[in-house]
Amino acid sequence: MTGIGAMGNSYEDECRRSLAEEQARSLAGTNDWEHVDRARVHQDWDVLYREITVFLNDGALPGDQKIQELVRRHFDIVCRFYTPSREAYVGMSLFYAEDEAMRAFHDSYHAGMVEFLGAAIKVFADQGTGFAPGTGSGAPVRSGDTGR
């Protein structure tokens with residue numbers, strides 16, 4: 001399995017920077033994401049991560065169609081906060097891997113969740129559509145969307 005460590009360092013740095021900038025802009029423009037039903041988000045992520053765990057246990061690969069459909073659901077949940085650029089979305093997977101609490105949370109579902117999800121997000125970002133423009137272009141802040 002190809003993990004997120006296979007990406008070049010300058011690209012990873014760009015992704016981390018995009019995540020930080022886009023989240024800060026979104027937080028400022030939405031009163032710290034007050035529009036988000038956080039309980040529902042956490043419930044939906046829990047269901048999603050349990051589904052991914054089943055596929056991980058069955059030997060699925062990050063690029064498998066079913067995994068990419070699950071990553072699309074992950075991205076859609078993220079979009080309840082704001083619509084990230086490709087780089088910011090990849091940056092999120094790096095944050096999951098590099099932040100001790102986020103790694104522990106994700107890996108509580110499966111010991112390989114962080115690496116697997118990171119690789120699957122990279123595939124999604126390389127192939128996917130529906131991303132916001134990059135941070136340099138004044139990506140819009142998504143507000144008022146409760147997701148359901």
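Student: How many salt bridges does a search of the whole structure find?
Tutor: This is a predicted model. Side chains of opposite charge can pair when their charged atoms come close. Over the whole structure, the search finds salt bridges numbering 12.

Student: Which residue meets Arg16 in a salt bridge, and where is that residue?
Tutor: The N to O distance in this salt bridge is 2.5 Å, and the partner of Arg16 is Glu98. The pair links distant parts of the chain, 82 residues apart. Arg16 belongs to helix 1, and Glu98 lies in helix 4.

Student: At what angle do helix 2 and helix 6 pack?
Tutor: Two packed helices are described by the angle between their axes and the distance between the axes. Here helix 2 covers residues 38-57 and helix 6 covers residues 113-127, with axes 11 Å apart. Helix 2 is therefore roughly perpendicular to helix 6, the packing angle being about 95°.

Student: Which residues in helix 6 are met by residues in helix 2?
Tutor: From helix 2, the contact involves Tyr49, Ile52, Thr53 and Leu56. By class, the contact of helix 2 with helix 6 has 6 nonpolar residues, 1 polar residue and no charged residues. On the helix 6 side, the residues are Met113, Phe116 and Leu117.

Student: Which helix supplies the largest share of the lining of the largest pocket?
Tutor: The largest pocket holds about 410 Å³ of space. Helix 1 (9-29), helix 2, helix 4 (86-98) and helix 5 (100-107) each give at least two residues to its lining. The largest share is 5 residues, and it comes from helix 2.

Student: Which residues of the lining lie nearest the centre of the largest pocket?
Tutor: The lining of the largest pocket has 17 residues. Divided by class, they are 13 nonpolar, 3 polar and 1 charged. Nearest the centre lie Trp33, His42, Trp45, Phe81 and Met102.

Student: What is the phi of Trp33, and where is Trp33 found?
Tutor: Most residues other than glycine have a negative phi. Trp33, a residue other than glycine, has a positive value. Trp33 is found in the loop between helix 1 and helix 2, and its phi is near 60°.

Student: What is the phi of Asn31, and in which loop is its place?
Tutor: Asn31 is placed in the loop between helix 1 and helix 2. Asn31 is not a glycine, yet its phi is positive, at about 55°.

Methods. Residues are numbered from 1 along each chain as its sequence is written. This is a predicted model: local features need pLDDT of at least 70, side-chain atom pairs count only at pLDDT 80 or more; totals for chains, interfaces and linings use all residues. Side-chain values use heavy atoms; hydrogens and water are left out. Axes are lines fitted to C-alpha atoms, for helices over the stretch in contact, and angles run from 0 to 180 degrees between N-to-C directions. Helices (H or I, at least four residues) and strands (E, at least two) are DSSP runs, numbered from the N terminus. Angles under 35 degrees count as roughly parallel, over 145 as roughly antiparallel, 65 to 115 as roughly perpendicular and the rest as oblique. Contact means heavy atoms within 4.5 Å. Ala, Val, Leu, Ile, Met, Phe, Trp, Tyr, Cys and Pro count as nonpolar, Asp, Glu, Lys and Arg as charged, and the others, Gly among them, as polar. On a 1 Å grid over the protein atoms alone, a cavity is a set of points where a 1.4 Å probe fits but cannot get out, and a pocket is an open set with protein on both sides within 12 Å along at least five of seven lines; lining residues have an atom within 4 Å of a point. Grid points are joined across faces, edges and corners, and a volume is the space filled by probe spheres set on the points. A salt bridge is a side-chain nitrogen of Lys or Arg within 4 Å of a carboxyl oxygen of Asp or Glu.
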